[in-house]
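Reader: Hello! I am new to this structure and would like to learn how to read it. Could you show it to me and take my questions one at a time?

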Amino acid sequence: MSPNEQIRQYPLAYETALEPAAEWAELRGTCPVATITVPDGSQAKLLTRYDDVRQMLADPRFTRQDLVGGTGNPQEAATTSGAADTSEPPFSVPRHGEDHQRWRRLVGKWFTAKRMAALRPQMAAIADQLLDEMTGRGSSGDLKAHFAFPLPVYVICGMLGVPAEDRDRFSYWSDNFLNLTRYSAQERQAAVGELVAYMSGHIAAKRAEPTDDLLSTLIEQSGGEGEALTDAELLGTGVSLLVAGHETTANMIGKMVAMLLADRTRWERLLENPSLIRSTVEEALRFDANGGFGLRRFLTEDVEIGGEVLPNGTTVVCAMAAANRDETAFENAAEMDLARTPNPHLAFGAGPHSCLGQALARTELQVTLEVLLRRLPSLELDIPATDLERLEGLLVGGLREVPVRW
């Protein structure tokens with residue numbers, strides 16, 4: 001760091017919930033490797049250029065040291081919190097090398113595009129049920145509370161064989177893991193203990209009475225020869241997916257719909273041309289300026305990035321949302337182009353730690369648009385887009401509410 005370099009407080013300030021931080025463009029142009037102070041008071045380096053962020057995320061040498069382990073975004077964001085400073089929990093997901101790839105091979109069988117396509121009818125049925133309940137309450141409501149949050153909860157509950165009635169319990173645990181400021185260290189430790197106890201009991205029940213779900217399949221595989229998950233890895237898998245399988249997608253559903261309704265010509269274009277749904281989902285992921293904290297990487301050796309040599313021991317924060325607005329990577333990056341193709345955004349990370357559940361997230365976002373456009377073509381924001389409020393202190397970006405009318 002040069003003597004005159006400004007140390008910025010991170011996360012950066014935003015004027016409105018859907019607009020990027022004003023400093024993003026400045027940092028990309030003049031200070032692509034910036035020094036920041038993060039909420040725990042420590043310093044880190046912030047990357048905002050597309051090429052730099054992609055290089056760091058795709059480098060297999062560097063991962064993070066946090067609560068659960070290397071699953072990439074969104075699982076990474078969901079498990080990177082102050083709880084990382086507690087003692088080592090009795091569960092893990094392999095973070096490096098062949099062990100990590102072994103874990104991804106086993107768990108990834110449940111997150112293929114083919115399997116997600118098979119789940120689409122079930123997702124659409126859940127979405128229709130939620131809209132029946134929401135519209136039955138009147139002509140307006142909070143889309144986040146009544147639709148965006150429960151949809152991925154129900155889906156992940158089904159995949160893990162978790163009873164839907166338990167969703168309120170792990171929504172609290174998820175928020176505790178993800179929130180940087182709301183909970184004390186003692187509360188985070190208690191949440192870790194509660195979730196570990198819950199998942200341990202759930203896995204034990206699946207051992208006794210397996211069903212057609214992800215955990216039962218992994219338990220069966222672990223009892224055979226060859227590749228297998230240890231008990232700690234099974235627990236880590238259940239915890240990470242249970243926590244991360246709904247929170248990031250729930251927030252993204254709310255943000256995506258808000259972005260489309262903030263300029264309603266976007267919504268009307270989709271109504272006229274539903275074939276744009278897939279590219280619209282990708283563009284919403286790229287255009288999202290409220291992406292949360294970003295992904296942390298801990299350097300275990302010196303590395304040159306952005307023209308600067310960062311020493312061993314440096315913490316690097318990769319701001320994917322800022323990188324996704326980089327004009328050198330995306331033409332007219334400040335515009336939301338629903339037909340943008342190709343769209344190599346970094347919302348799901350890159351490389352060996354890219355998001356394992358990205359096919360699930362994409363499918364849920366596509367189904368959301370398919371059902372909302374069919375059921376509620378007159379959907380509008382019930383407040384000005386500039387009045388939408390960001391969720392503060394959360395590692396994954398989101399909106400406090402998404403008030404809509406129909």
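Reader: Are helices α5 and α7 parallel or oblique to each other?

Author: Let me begin with the ground rules. This is a predicted model, in which local features need pLDDT of at least 70 and side-chain atom pairs count only at pLDDT 80 or more, while totals for chains, interfaces and linings use all residues. Residues are numbered from 1 along each chain as its sequence is written, and side-chain values use heavy atoms, with hydrogens and water left out.

Author: Helices (H or I, at least four residues) and strands (E, at least two) are DSSP runs, numbered from the N terminus. Axes are lines fitted to C-alpha atoms, for helices over the stretch in contact, and angles run from 0 to 180 degrees between N-to-C directions. Angles under 35 degrees count as roughly parallel, over 145 as roughly antiparallel, 65 to 115 as roughly perpendicular and the rest as oblique. Here, the axes of α5 (residues 113-135) and α7 (residues 150-160) come within 10 Å and cross at roughly 135°, so these two helices are oblique to each other.

Reader: Which residues of α5 and α7 make the contact?

Author: Contact means heavy atoms within 4.5 Å. From α5 come M116, L119, M123, I126, A127 and L130, and from α7 come P150, L151, Y154, V155 and M159. By class, this contact has 11 nonpolar, no polar and no charged residues. In this scheme Ala, Val, Leu, Ile, Met, Phe, Trp, Tyr, Cys and Pro count as nonpolar, Asp, Glu, Lys and Arg as charged, and the others, Gly among them, as polar.

Reader: How do α12 and α15 cross, and through which residues?

Author: The axes of α12 (residues 264-272) and α15 (residues 358-375) come within 10 Å and cross at roughly 85°. That angle makes α12 roughly perpendicular to α15. W267, L270 and L271 of α12 meet L369, L372 and L373 of α15. The residues of this contact divide into 6 nonpolar, no polar and no charged.

Reader: Now to the strands. Which strands pair with β8, and is the pairing parallel or antiparallel?

Author: In general, strands of a sheet pair through backbone hydrogen bonds, either parallel or antiparallel. Two strands pair if DSSP finds at least two bridges between them. Strand β3 (residues 43-47) runs parallel to β8 and is joined to it by 3 bridges; the bridge partner of K45 is V316 in β8. Strand β5 (residues 295-298) runs antiparallel to β8, with 4 bridges, and R297 stands opposite V316.

Reader: Which way do the residues of β8 point, and are they buried or exposed?

Author: In a regular strand the side chains alternate between the two faces of the sheet. In β8 (residues 315-318), T315 and V317 point one way, V316 and C318 point the other way, and all are buried. Buried means under 20% relative accessible area, exposed over 50%, and partly exposed in between (1.4 Å probe, protein chains only).

Reader: What is the strand order in the open sheet that includes β10?

Author: The order is β4-β10-β9, 3 strands with antiparallel pairing. At the edges stand β4 (140-142) and β9 (380-381), each with a single partner strand, so one side of each is left without a neighbour in the sheet. Between β9 and β10 (residues 403-405) there are 2 bridges, and L381 has V404 as its bridge partner in β10.

Reader: Where does T37 lie, and what is it in contact with?

Author: T37 lies in strand β2 (residues 33-37) and counts as buried, at 13% relative accessibility. Leaving aside neighbours within four places in sequence, T37 is in contact with I7, R8, Q9, Y10, S42 and Q43. T37 and P11 are 26 residues apart in sequence and 8.6 Å apart in space, C-alpha to C-alpha.
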